[in-house]
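User: Hey, I'm new to this one. Could you walk me through it?

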Amino acid sequence: MGEQTNIPFGRPMLGQEEIDAVTKVLSGPQLVHGPVSKAFEEAFANRIGAARAVSVSSCTAGLHLSLFVNGIGEGDEVIVPAMTHVATAHAVEFCGATPIFVDVEPDTGNMDPGAVEVAAGERTRAIMPVHYLGLPCDMDAINTIAKKHDALVVEDCALAVDATYDGRKAGTLGDTGCFSFYPVKHMTTLEGGMVTSNNEDLAGSIAKRKAFGYDRMLGERKVPGVYDVDELGYNYRMNEAQAAVGLAQLAKLDGFQEARARNYSVLKEALCDLSEITVFEASKGKSVSSHYCLNAILPRDGSLDRAALIENLNERGIGTSVHYPRPVPEMRYYAERYRFKPGQFEVAAWLAAQAISLPVGPHLQPGDPERIAAAFKDAIGDARA
């Protein structure tokens, strides 16, 4: 197939601005609990339109804290989509609560509100909508169910920076929103996350309990090193260097997002004549995607060999990923713990077995979306032969 430049699935878009920002922090006196983290939190809250944002060590930490500070634990149930990263369900397990999995919609990959309605009951304490690949869930329906059961709504926004629902951004649609800044996400802090909320008391509790449950933060102590601890807390802080990278990335985010939307549109249009695949729309109803990646979903009957197609694409220099490799309840830990069996979540199983995630990030160069589409069509042609 000839030697050619590879197109990775994702690549962190870091430059001199991030290097300078980190160097400034490393040249200063404070690496944690400092002003850069606070500035990043304020800037991110303004970007999202939330009353407050709390920086954390990861999106997983944010999900855990959102449940933990609300006292969710043993005997409680939390509704989670079967198609998500395992971190969503792990946050429930960390608290000792029980994840109740529901299937997802075949045209979005988002949790099916009808399934949520059926699953919700007397023990439901929280619902965790995951905005799959950046398209917000049907939040009107989910919030209606949550209100009926007096349940917390924790948005998993790991792939949904700047996604909107009815003109409002993901992360402002429930009680909390949890974001990921892993290297290949919409923006990065190398590793890290953010929790957003319009509930000041809830955000304050998360901020306190991400740092051991101190009654006074570093800058609030009259005598250095003297504090008390009146609540259980964790060490889920983001350091100053990570926050400095985050601030530099926020300044570039508009350009990143414009590139993602453009690349998604071009790639989707170039693939539209392939009858063998399903490609989700970038909007549905009130929801508009943040364009994390494009999923090309193969037929349910397994008539196309996904592993062979991925190998073919990779040989052509096209990076791919899978979101996600199997429904969470079919992961060994959950299957053995709760005795889930294959086939209980049909749509999630289809996506897990047949989706190929293609890159649309800002690292793509002009002509790359067309090249990805051409390679995909050639790979399909080879599979037909």
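This is a predicted model: local features need pLDDT of at least 70, side-chain atom pairs count only at pLDDT 80 or more; totals for chains, interfaces and linings use all residues.

User: Where does D162 lie?

Analyst: In the loop between β5 (152-156) and β6 (164-165). Helices (H or I, at least four residues) and strands (E, at least two) are DSSP runs, numbered from the N terminus. The phi of D162 is near 75°, a positive value in a residue other than glycine.

User: Why point that out?

Analyst: Because most residues other than glycine have a negative phi. D166 also has a positive phi, about 55°, and is not a glycine; D166 sits in the loop between β6 and β7 (168-169).

User: Which peptide bond is cis?

Analyst: The one from H323 to Y324, with omega near 5°. Most peptide bonds are trans. Y324 is in the loop between α10 (306-315) and α11 (332-338).

User: New topic: how many helices and strands are in the chain?

Analyst: There are 13 helices and 13 strands.

User: At what angle do α2 and α8 pack?

Analyst: About 35°, with the axes of α2 (residues 35-48) and α8 (residues 240-250) 8 Å apart. Axes are lines fitted to C-alpha atoms, for helices over the stretch in contact, and angles run from 0 to 180 degrees between N-to-C directions.

User: And which residues meet there?

Analyst: From α2, they include F40, A43 and F44, and from α8, they include A243, A244 and L247. Contact means heavy atoms within 4.5 Å.

User: Zooming out, what radius of gyration does the chain have?

Analyst: The chain has 21 Å, which agrees with a compact globule of 385 residues, since that would be near 21 Å. The value is taken over C-alpha atoms, and the globule rule is 2.2 Å times the number of residues to the power 0.38. Along its principal axes, the C-alpha trace spans about 75 × 55 × 35 Å.

User: How much of the chain is buried?

Analyst: Buried residues make up 55% of the 385 residues.

Notes
Residues are numbered from 1 along each chain as its sequence is written. Side-chain values use heavy atoms; hydrogens and water are left out. Buried means under 20% relative accessible area, exposed over 50%, partly exposed in between (1.4 Å probe, protein chains only).
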